[in-house]
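Dear colleague,

I am passing on the structure below, together with some notes on what turned up when I went through it. Please read them with the model open beside you.

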Amino acid sequence: MAMSDRVDWNDLRDRRMAEPGAAEAYEATRIAFELGQEVRHLRKRNGWSQSQLARSAGMTQSAVARFEAGGTVPTLPVLERLARALSMRLDVRFAPNADGRRLRPRKSSTCSSNHHGPSATS
């Protein structure tokens, strides 16, 4: 490959992010990383080891380590268990985009208009 044929990082990133599903995967990874960092901060603030948090949350130490490293996207029940173990309340909310742009809805073949998910009272 000639030097002039090389692709710089920005070009490569832009091409990869344009691929189907790439932006969603990137966003899921960002959220997992930020949640993991917050749990790590709260755990350390309590003076706990990963093993202590795991025991209190009904998890394994390795699962806590993976979560804190951003290696897994947690389910709401896992987040609830971690919150309770850390004497916190889980607060999930929708907020406007920081840049004010409106995102386009994703096309999904698995979503139907009559499915509303679990009820808020269950």
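A helix, as the word is used here, is a DSSP run of H or I at least four residues long, and helices are numbered from the N terminus. In that sense, the place of arginine 43 is in helix α2, and I will come back to this residue below. Please keep in mind throughout that this is a predicted model.

**Overall layout**

The protein has five helices and zero strands, so that reading along the sequence gives the pattern α-α-α-α-α. Of its 122 residues, 19% are buried, and its accessible surface comes to about 10,200 Å², with carbon and sulfur atoms accounting for 54% of that area. Among the contacts with a separation of 6 or more, 50% are made by residues 24 or more positions apart.

In soluble globular proteins, nonpolar side chains tend to be buried together. In this model the largest nonpolar core has 14 residues, and those with the most contacts inside it are Val39, Leu53, Met59 and Leu82. At least two residues of this core come from each of α2, α3 (50-57), α4 (61-68) and α5, while α5 gives the most, with four residues. As for methionine 59, once its neighbours within four places in sequence are left aside, it is in contact with Ala54, Val64, Val78, Arg81 and Leu82.

**Helix α3 and what follows it**

Which residues of α3 are buried? They are Gln50, Leu53, Ala54 and Ala57, and because they cover an arc of only 100° around the axis, they lie on the same side of α3. An α-helix has 3.6 residues a turn, so residues three or four places apart point the same way. The buried residues of α3 pack against α2, α4 and α5. After α3 comes glycine 58, whose phi is positive, near 70°.

Is arginine 43 buried or exposed? With a relative accessible area of 7%, arginine 43 is buried, because buried means under 20%. Not counting residues up to four places away in sequence, arginine 43 touches Trp48, Ser49, Gln50, Leu53, Glu68 and Leu86; Gln50 and Leu53 are among the buried residues of α3.

Arginine 30 is also found in helix α2, which spans residues 22-45, but arginine 30 is partly exposed, with a relative accessible area of 32%. Arginine 30 and valine 73 are 43 residues apart in sequence, and their C-alpha atoms are 9.7 Å apart in space.

**Salt bridges**

How many salt bridges does the structure hold? There are seven, and I describe some of them here. Arginine 93 and aspartate 91 meet through their side chains in a salt bridge of 2.1 Å, N to O; arginine 93 counts as exposed at 63% relative accessibility, whereas aspartate 91, at 34%, counts as partly exposed.

Glutamate 19 forms a salt bridge with arginine 16, in which the closest N and O atoms are 3.4 Å apart. Both of these residues are partly exposed, glutamate 19 with a relative accessible area of 37% and arginine 16 with one of 47%.

A further salt bridge links arginine 84 to glutamate 80, the closest N and O atoms being 3.9 Å apart. Because these two residues are four residues apart in helix α5 (residues 76-85), about one helical turn separates arginine 84 from glutamate 80. Arginine 84 is exposed, with a relative accessible area of 56%, whereas glutamate 80 is partly exposed, at 34%.

Although serine 87 is not a glycine, it has a positive phi of about 55°. At 68% relative accessibility, serine 87 counts as exposed.

With best regards

Key:
Residues are numbered from 1 along each chain as its sequence is written. This is a predicted model: local features need pLDDT of at least 70, side-chain atom pairs count only at pLDDT 80 or more; totals for chains, interfaces and linings use all residues. Side-chain values use heavy atoms; hydrogens and water are left out. Buried means under 20% relative accessible area, exposed over 50%, partly exposed in between (1.4 Å probe, protein chains only). A salt bridge is a side-chain nitrogen of Lys or Arg within 4 Å of a carboxyl oxygen of Asp or Glu. A nonpolar core is a set of buried Ala, Val, Leu, Ile, Met, Phe, Trp, Tyr and Cys residues joined through side-chain atoms within 4.5 Å. Contact means heavy atoms within 4.5 Å. Accessible areas come from the Shrake-Rupley method with a 1.4 Å probe; for residues, only the protein chains shown count as cover. The arc is that of the directions from the helix axis to the C-beta atoms.
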